[in-house]
Amino acid sequence: MDDEQDPTPAIEVEKQEQQVIVHVGGEMDIDRAPLLQEALRTLITQPDCPPDVVLDLTELTFCDSSGLNALLQARLTAVEHNRRIILHAPNQQVTKLLHLTGAHHLFPIT
């Protein structure tokens, strides 16, 4: 899912045996957050989805409250389906957002 103004793909999925890695890039704001939320919901609810869903945030440059809400909704869906969301390499801005909102306690971070 690409954005014309941002050449970095917003979401790219890489399935492995014990986990699925979702590469999230660019800016996760009110325009893109619904795409992430729907992609994660679809992925997590698939019967063959591995137990660990790793969100690789290495290429994520910005996340606002809409993006955080998409992560929180994905976490709820994951819990309902006996899966977990793991955040990988969130940048300083995302880490600060997680801490300010108390959401850092909800996600394992690698």
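Is arginine 41 buried, partly exposed or exposed? The model is a predicted one, and in it arginine 41 has a relative accessibility of 39%, so it counts as partly exposed. Its partner is glutamate 38: the two side chains meet in a salt bridge, with 2.6 Å from N to O. Glutamate 38 is partly exposed as well, with a relative accessible area of 39%. Both residues belong to helix 1 and stand three residues apart, which is about one turn of the helix. An α-helix has 3.6 residues a turn, so residues three or four places apart point the same way.

That pair is one of three salt bridges found in a search of the whole structure. Another joins lysine 15 to aspartate 48, where the closest N and O atoms are 3.7 Å apart. Lysine 15 is in strand 1 (residues 11-15), while aspartate 48 is in the loop between helix 1 and strand 4; the pair therefore ties together parts that are 33 residues apart in sequence. Lysine 15 is partly exposed, at 43% relative accessible area, whereas aspartate 48, at 56%, counts as exposed.

A further salt bridge is formed by the side chains of arginine 84 and aspartate 52, at 2.8 Å from N to O. This pair links distant parts of the chain, with arginine 84 in strand 6 and aspartate 52 in strand 4, 32 residues apart. Aspartate 52 has a relative accessibility of 18% and counts as buried; arginine 84, at 42%, counts as partly exposed.

What is the nearest side chain of opposite charge to aspartate 64, which is buried yet has no salt bridge? It is arginine 32, and the distance is 11 Å. Aspartate 64 sits in the loop between strand 5 (60-63) and helix 2 (65-80). Leaving aside neighbours within four places in sequence, aspartate 64 is in contact with Met28, Asp29, Ile30 and Leu97.

Helix 3 has Val94, Leu97 and Leu98 as buried residues. Seen down the axis of helix 3, the buried residues fall within an arc of 95°, so they line one face of the helix. Their cover includes strand 5, helix 2 and strand 6. The face turned away from the buried side carries the exposed residues Gln92, Lys96 and Leu100.

Last, the cysteines. Cysteine 49 is buried, with a relative accessible area of 6%, and cysteine 63 is buried too, at 3%. A search of the whole structure finds zero disulfides.

Conventions. Residues numbered from 1 in each chain as written. Predicted model: local features only at pLDDT ≥ 70, side-chain atom pairs only at ≥ 80, totals over all residues. Heavy atoms only, no water. Disulfide = S-S within 2.5 Å. Buried < 20%, exposed > 50% of the residue type's maximum accessible area, 1.4 Å probe, protein only. Helix = DSSP H or I, 4+ residues; strand = E, 2+ residues; numbered from the N terminus. Lys, Arg positive; Asp, Glu negative; His and termini not counted. Salt bridge = Lys/Arg side-chain N within 4 Å of Asp/Glu carboxyl O. Contact = heavy atoms within 4.5 Å. Arc of directions from axis to C-beta.
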